[in-house]
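Open the structure in your viewer and keep the sequence panel beside it. Each stop below says what to select and what to look for there.

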Amino acid sequence: MAQKLFLICLFWMCSSAFAIEVTDLYEATLVVDDKTRATRAKASQDALDQVIKKLTGKAGHSNHPLIKKSKRRISDYMLKYEYIEHANQELKIRVRFEAEKVESLVRESGFGLWGNRRPLIAIWLVIEDNLRRDFVTQESNPQLERLIYDTAAEWGIPVVVPLMDLTDRAQVGIAEVWGNFSEPVEAASARYNAERVITGRLFKQPNSSSWQLDWRYTDADMFESVQLVGDKQQLLISMINDMSAALASEYIIDPTKSYATNSTVITVDGLRTFDKIERAKRELLTISTVNNVDVIYRNRQQVQFEVEHLSSVSDLQKSLKLEQSFEVYVDPRAFHQVVSAENLRYSWVGQ
């Protein structure tokens, strides 16, 4: 609970955030029976599978020849491991891997790579049980709420389940989420700085023991929702799995493109102090595919950065789209945006 409250407070503080920098992409935590060497080796191999899943946005890579080979020398990829003992006697192991080695393995295996900047998704969910409807929250349905967070964490997707405190309930009621009224839900989601918003309703089918989950993005072009039928917990897992796979396909870096270092010049308006220039430079360096950033030109209105990156220009643009402090520059005198593969221009909106 304390960790969740910390994350939500962090979202509030980042008032202009469009994405979250995921810091645990290269580690995984698993339940183990003991601390023997054999158990640790098997858990470390499973942990590598989980890390690759987060980096690629896809599951089922464990049988790939290169990945199977890497597991036979799993210690070569490991940075450290530690055991976590809980009061309920549950034992876990947390394994952290070397980022560069795992990324090289992913690329050599021919899989796309998803960077550490990822969109924050707000999930508003109402459950109907015994003709009573209520929001899924930590207080009302802790197991379902925990399942949403845990499943999203397996994909490296930052999500937030709204608190549904007095502030949330003043803007959104059960009827708005049940009927997917986008406007009030999106307005309330601004509090959490979510880039995408999902509404869902979970209920038992008439005269059946099966559950049905209808969910959709509030900004979807079509009103029809995704409909899933089955076990209650499995439905939520399927929703998160489908959502994560779709997001990964949107932001993944194409593995068929060259990964030789490219140099791209971007122009940023609004950097009028050296402090802001340094902040912009540091933020660019947090993009996982960026190796180096240099200032090559500066005047009173704008700064030009030379960015060295291991991706295509279009992939760099995808990453910049997720950066909280950069917005695509819009020329007030033009009828269209001027950003293109040849001319990348942004406005600084950071602090």
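**Before you start**

This is a predicted model, in which local features need pLDDT of at least 70 and side-chain atom pairs count only at pLDDT 80 or more, while totals for chains, interfaces and linings use all residues. Residues are numbered from 1 along each chain as its sequence is written, and side-chain values use heavy atoms, with hydrogens and water left out.

**Stop 1: the whole chain**

Show the cartoon. The protein chain has 11 helices and 16 strands. These elements are DSSP runs, numbered from the N terminus: helices are H or I with at least four residues, strands are E with at least two. Now colour by burial. Of the 351 residues in the protein chain, 46% are buried. Buried means under 20% relative accessible area, exposed over 50%, and partly exposed in between, with a 1.4 Å probe and protein chains only. Among contacts between residues at least 6 apart in sequence, 65% join residues at least 24 apart.

**Stop 2: helix α4**

Select residues 99-108, helix α4. Its buried residues are Val-102, Glu-103, Leu-105 and Val-106. They cover an arc of only 155° around the axis, which puts them on the same side of α4. The arc is that of the directions from the helix axis to the C-beta atoms. After α4 comes Gly-110, with a positive phi near 85°.

**Stop 3**

Select Ser-189 in helix α8. Ser-189 is buried, at 1% relative accessible area. A polar atom of its side chain lies 2.8 Å from the backbone oxygen of Val-185. Beyond its neighbours within four places in sequence, Ser-189 is in contact with Ala-122, Trp-124, Ala-194 and Val-197.

Asn-180 is not a glycine, yet its phi is positive, about 55°. Asn-180 is buried, with a relative accessible area of 7%. Then take Asn-193, in the loop between α8 and β9 (196-204). Asn-193 also has a positive phi, about 60°, although it is not a glycine. Asn-193 counts as buried, at 10% relative accessibility.

**Stop 4: Arg-216**

Jump to strand β10 (residues 211-217) and pick Arg-216. Is Arg-216 buried or exposed? Arg-216 is buried, with a relative accessible area of 7%. Draw a distance to Ile-123, 93 residues apart along the chain: the C-alpha atoms are separated by 9.9 Å.

**Stop 5: helix α9**

Select residues 232-251, helix α9. At 1.5 Å a residue, its 20 residues should span 28 Å, and the end C-alpha atoms are 29 Å apart, which agrees. The expected span is 1.5 Å times one less than the number of residues. Buried residues in α9 include Leu-235, Leu-236, Met-239, Ile-240 and Met-243. At the start of α9, a side-chain oxygen of Asp-231 reaches to within 3.2 Å of the backbone nitrogen of Gln-233.

**Stop 6: helix α11**

Begin at Ser-312, in the loop between β14 and α11. Ser-312 counts as buried, at 16% relative accessibility. A polar contact of 3.0 Å joins the side chains of Ser-312 and Ser-314. A polar contact is a pair of N or O atoms within 3.5 Å; within protein, one must be able to donate a hydrogen and the other to accept it, and residues adjacent in sequence count only if both atoms are side-chain atoms.

Now select helix α11 (residues 313-321), where Asp-315, Leu-316, Ser-319 and Leu-320 are buried. Seen down the axis of α11, they fall within an arc of 145°, so they line one face of the helix. Their packing partners include α10 (274-285), β13 (290-298) and β14 (302-309).

**Stop 7: the cavity**

How many cavities of 30 Å³ or more are there? The count comes to one. A cavity is a set of points on a 1 Å grid over the protein atoms alone where a 1.4 Å probe fits but cannot get out; lining residues have an atom within 4 Å of a point. The largest cavity has a volume of about 90 Å³, the space filled by probe spheres set on the points, which are joined across faces, edges and corners. Its lining includes Trp-114, Arg-117, Tyr-251, Asp-315 and Ser-319. α11 gives the most to this lining, with three residues.

Technical notes:
Contact means heavy atoms within 4.5 Å. On a 1 Å grid over the protein atoms alone, a cavity is a set of points where a 1.4 Å probe fits but cannot get out, and a pocket is an open set with protein on both sides within 12 Å along at least five of seven lines; lining residues have an atom within 4 Å of a point.
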